[in-house]
Amino acid sequence: MADAAVDDTRTAQRVLVAADKFKGSLTAVQVAERVTAGLRRVVPDLEVEALPVADGGDGTVAAAVAAGFERREVRVAGPLGHEVTAAFALRGDTAVVEMAEASGLQRLPAGVFAPLTASTYGSGELLRAALDAGARTIVFGVGGSATTDGGAGMLTALGARFLDAEGEPVTPGGWGLAELARADLSGLDPRLASVDLILASDVDNPLTGPEGAPAVYGPQKGASPDDVETLDAALAHCAKVLEEAIGARAAEYAVAPGAGAAGGIGYGALLLGARFRPGIEVMLDVLGFAPALERASLVITGEGSLDEQTLHGKAPAGVAAAARAAGKEVVAVCGRLALPPEALERAGIGRAYPLTEAEPDVARCIADAGPILERVAERIARDHLR
C-alpha cells in the first residue's frame, strides 16, 4: 500500500521546463528536451510540459514556434546588405518578429564586425512581411543586434527617407547618419497606424549618452572608443533632425526606456508608435505561460549563465518572479553560476544547478552541454521529485 501511495504522488507531479537557451551550446528547445530526458530517467512516468522561453533577443521566434506559432520564412537584407533567409512566427493575427533574424550578429561572417555600417533594413523588411501576412499585433523582439543605426535602416524599409544635403539617401549604418540633413517619415507604411506594435526588450537604455546604445553595447559589436564617439554623435544628430521633422516627440523618444535597445532600433520602433514592455513579460503572455504554470508543481528555468544580468529582465528572472507569485517551487539550470544563494532566493529561485558541478571542465561543459545537462536533471529529479 505504501508503494502505491508513492506511485500516486509521482503520477500527480507535473514539471514545467521554461528555460532560455544556453548560448553557444543549446537552443531553448534542446534545453527542454535534455532536461526532460534526465528527469524521466529517474521518474519514468513523470508529466513534463516544455515551454521554451526567450526575452525578445535571439531565439524568440524559435520559442514562439515551439509554443505552436507557424514559422514563416522570407528573404531580406542582412546587416551588410547581402540577402539572408529570416523567419518570423505567426498565429492568427499575432506575429512575433525577431530583429536578430535579419540584423543580428549571427548574420555576420565569423570574426567580422561592422559597427559603423551594419544596417537594420532587413528588420524593416521582416516587419513588412508580418504586415503582409495579416498581423494586427506584432511583438517585436530586439536584442543580439549587429547594428547601431537607431533603426534608420528599418524605417527606410518601411517607407521613411533619410537624406543628405544633396537630397540623396545617406550611407547605410550608424555613421551615415552624420550626413543626415532631412528626414521624411510621411511615406511610412500606412498599415502601421492600425497595428499594435510591442517593443519587447530586456534593456531600458536611452538612445545616446553614457548609458546609450553606442557606449554600452557598441564594444560588443566591435566598436572602438573612436567608433563609439562617432556613433553617439551620429545618433544624437539623427534625433535632432527628426525633431525638426516630426516635433518634440522625437526628442522624448530618444530618452525613453528601450530607445537604446539593439543599437537604437528601439528608438525607431518608438517612432513607429510601439509601446515598450519588458521582453520576458511579453513573451510569457504570448507563449501561454500562465496556464502552463497553473498546471505545474515544479518549475525549472535557466540560461547559459546565471549572473547579475539575469536579474535585470532576463528570461529566468521573469519566469521565477511569475512562479513565485503563484506559489510554485522554482529551480534553475545553467552552464555557469555567478550568483550567491541569497540573490537567487530574492529572485524566487530556490536552487541553481550549474553544469560545472557535474563537470568542472568548462570547455567540456560547452562542448558536451546536452549529456551533462541530462545528468544535472537526474539530480534535480532525485532532490525534488519523490
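This report covers the cores, pockets, helices and selected residues of a predicted model.

Numbering runs from 1 along each chain as its sequence is written, and side-chain values use heavy atoms, with hydrogens and water left out. Because the model is predicted, local features need pLDDT of at least 70 and side-chain atom pairs count only at pLDDT 80 or more, while totals for chains, interfaces and linings use all residues.

**Cores**

The largest nonpolar core holds 56 residues. A nonpolar core is a set of buried Ala, Val, Leu, Ile, Met, Phe, Trp, Tyr and Cys residues joined through side-chain atoms within 4.5 Å. Buried means under 20% relative accessible area, exposed means over 50%, and partly exposed lies in between (1.4 Å probe, protein chains only). Ile138, Phe140, Phe162, Leu242 and Tyr267 have the most contacts inside this core. Helix H10 (residues 261-271) gives the largest share, seven residues. Helices (H or I, at least four residues) and strands (E, at least two) are DSSP runs, numbered from the N terminus.

A second, separate core has 39 residues. Leu16, Val53, Val139 and Leu339 are among them.

Setting aside residues up to four places away in sequence, Phe162 touches partners including Leu155, Pro169, Val170, Leu180, Cys238 and Leu242.

Alanine 262 sits in H10. Its phi is near 50°, a positive value in a residue other than glycine. Most residues other than glycine have a negative phi. Alanine 262 counts as buried, at 10% relative accessibility.

**Pockets**

A pocket is defined on a 1 Å grid over the protein atoms alone: an open set of points where a 1.4 Å probe fits, with protein on both sides within 12 Å along at least five of seven lines. Lining residues have an atom within 4 Å of a point. Grid points are joined across faces, edges and corners, and a volume is the space filled by probe spheres set on the points. For the classes, Ala, Val, Leu, Ile, Met, Phe, Trp, Tyr, Cys and Pro count as nonpolar, Asp, Glu, Lys and Arg as charged, and the others, Gly among them, as polar.

| Largest | about 1,200 Å³ | Lys23, Asp202, Glu303, Gln309, Lys314 |

The largest pocket is lined by 44 residues. By class, 14 are nonpolar, 18 polar and twelve charged. Elements that give two or more residues to this lining include H10, strand E11 (298-306) and strand E12 (329-337).

Helix H2 (28-42) and helix H3 (60-66) each supply at least two of the lining residues. H3 gives the most, with four.

**Helices**

Helix H5 (residues 121-132) has twelve residues. The expected span of a helix is 1.5 Å times one less than its number of residues. Nine of the twelve residues are buried, so H5 is largely enclosed by the rest of the structure. The buried set includes Gly122, Glu125, Leu126, Leu127 and Leu131. Just after H5, glycine 134 takes a positive phi of about 95°.

Helix H17 (residues 369-384) has 16 residues. It reaches 22 Å from its first C-alpha to its last, close to the expected 22 Å. Its buried residues include Ile372, Leu373, Glu374, Val376, Glu378 and Ile380. The buried residues of H17 pack against H2, E11, E12, strand E13 (351-354), helix H15 (355-358) and helix H16 (362-367).

**Selected residues**

Alanine 89 lies in strand E4 (residues 83-91). It is buried, with a relative accessible area of 0%. Alanine 89 and glutamate 70 are 19 residues apart in sequence and 5.4 Å apart in space, C-alpha to C-alpha. Beyond four places in sequence, the contacts of alanine 89 include Val61, Val65, Phe69, Glu70 and Val96.

Valine 29 lies in H2. It is partly exposed, at 30% relative accessible area. Not counting residues up to four places away in sequence, valine 29 touches Pro52 and Ala66.

Threonine 148 is in the loop between strand E6 (137-141) and helix H6 (152-157). It is buried, with a relative accessible area of 1%.

Technical notes. Contact = heavy atoms within 4.5 Å.
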